[in-house]
Amino acid sequence: MNAGSESGKRSSDRSTSGRITIVPSSPRYAEQMENLLHRVYGTTPEDPDEVFTAPMFRHHMHIFPEGQFVALDAGRVVGLTVSMRIAFEPSAPFMGKWWTLIGEGWLTPHDPAAEWMYGVESAVHPDYRGQGVGGKLMDARFDTAKALNLRGMVAGSALIDYYRVADHVSAEDYIAGVAAGHYFDTNLSKQIKKGFRPIKPIPGYVVDPETRGYGAVIMWDNPLYDAARAVGVHVLPRRYRMKRHAPHALPPSASL
């Protein structure tokens, strides 16, 4: 899926805590994490449709604990990220179907010595849209990349709003238009704002009619990367606390 929706109505139990905490993922949260993805994507345990299961989440934590985070509100999982490390060459970026690239959910292509972090998945509960949860989860990833002295982070950004113009705009021109501010894409626009730059389109990246199957290779360069230092293997986990603030509406789409 790799394109977690952050839209939805407000929940009646959001007042249970004044703070949301970003913490490293733990096996005790695995079932909640699976349930969160079913809530976000409208899937079920009986028909998961390329959604991570609790055993998969536990495997992610085993092979790359530094790259996995959850957002908690009074112990309830309201957001998550999944990451792995890969070999990546900016001049020849990866191409292919997301589910295949991530070992069909098990992250078997993870390379613990690789110099790049790959953002596999990011999802926020619909009731928590506009709270900055996704941004804080991304900051935790950035901090991990810096602590490990990785070259940066790459991901595939599903082009959620491409369907609006797909009949008369190529995916390549759409990506350029989003980067220039001519179009607003619910996924890619936010990632550009966080410091990613789009590289090229990925046909057949996801199975989703709104994206017409397209994603975009996006890349963030670690500003602290030191080529003279070796990349790290492990870092100590950190906790992050964020104050709750009033939700805000996502920017409207640009004129098409």
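Arg 197, at 41% relative accessibility, counts as partly exposed; here buried means under 20% relative accessible area, exposed over 50%, and partly exposed in between, with a 1.4 Å probe and protein chains only. The structure is a predicted model, in which local features need pLDDT of at least 70 and side-chain atom pairs count only at pLDDT 80 or more, while totals for chains, interfaces and linings use all residues. Residues are numbered from 1 along each chain as its sequence is written, and side-chain values use heavy atoms, with hydrogens and water left out.

Let me stay with Arg 197. Its side chain meets that of Asp 221 in a salt bridge, 3.1 Å from N to O; the term requires a side-chain nitrogen of Lys or Arg within 4 Å of a carboxyl oxygen of Asp or Glu. This pair links distant parts of the chain, with Arg 197 in strand E6 (residues 197–202) and Asp 221 in strand E7, 24 residues apart. Helices (H or I, at least four residues) and strands (E, at least two) are DSSP runs, numbered from the N terminus. Asp 221 is likewise partly exposed, at 38% relative accessibility.

By this rule the count comes to 7 salt bridges. Another of them joins Lys 97 to Glu 50, with the closest N and O atoms 2.6 Å apart. Here too distant parts of the chain are linked: Lys 97 lies in the loop between E3 and H3, and Glu 50 in the loop between H1 and H2, 47 residues away. Lys 97 is partly exposed at 28%, and Glu 50 is partly exposed at 26%. In a further bridge, Asp 161 and Arg 164 have their closest N and O atoms 3.6 Å apart. Asp 161 is buried, at 6% relative accessibility, whereas Arg 164 is partly exposed, at 41%.

I turn now to helix H2. Which residues of helix H2 (residues 54–63) are buried? They are Ala 54, Met 56, Phe 57, His 60 and Met 61. These residues cover an arc of only 160 degrees around the axis, so they lie on the same side of H2; the arc is that of the directions from the helix axis to the C-beta atoms. The buried residues of H2 pack against helix H1 (30–41), strand E3 (76–86) and helix H3 (98–101), where contact means heavy atoms within 4.5 Å.

Next, the cores. A nonpolar core is a set of buried Ala, Val, Leu, Ile, Met, Phe, Trp, Tyr and Cys residues joined through side-chain atoms within 4.5 Å. The largest has 38 residues, and Phe 52 and Tyr 118 have the most contacts inside it. Among the elements that each supply at least two residues of this core are H1, H2, strand E2 (69–73) and strand E4 (116–124). The largest share, 6 residues, comes from H1. Leaving aside residues up to four places away in sequence, Phe 52 touches residues including Leu 37, Phe 57, Trp 98 and Val 120. A second, separate core of 24 residues includes Met 117, Ala 171, Phe 196 and Ile 218.

Met 219 is buried, with a relative accessible area of 3%. The C-alpha atoms of Met 219 and Trp 116 are separated by 9.7 Å, although the two are 103 residues apart along the chain. Not counting residues up to four places away in sequence, the contacts of Met 219 include Trp 116, Phe 196 and Arg 197.
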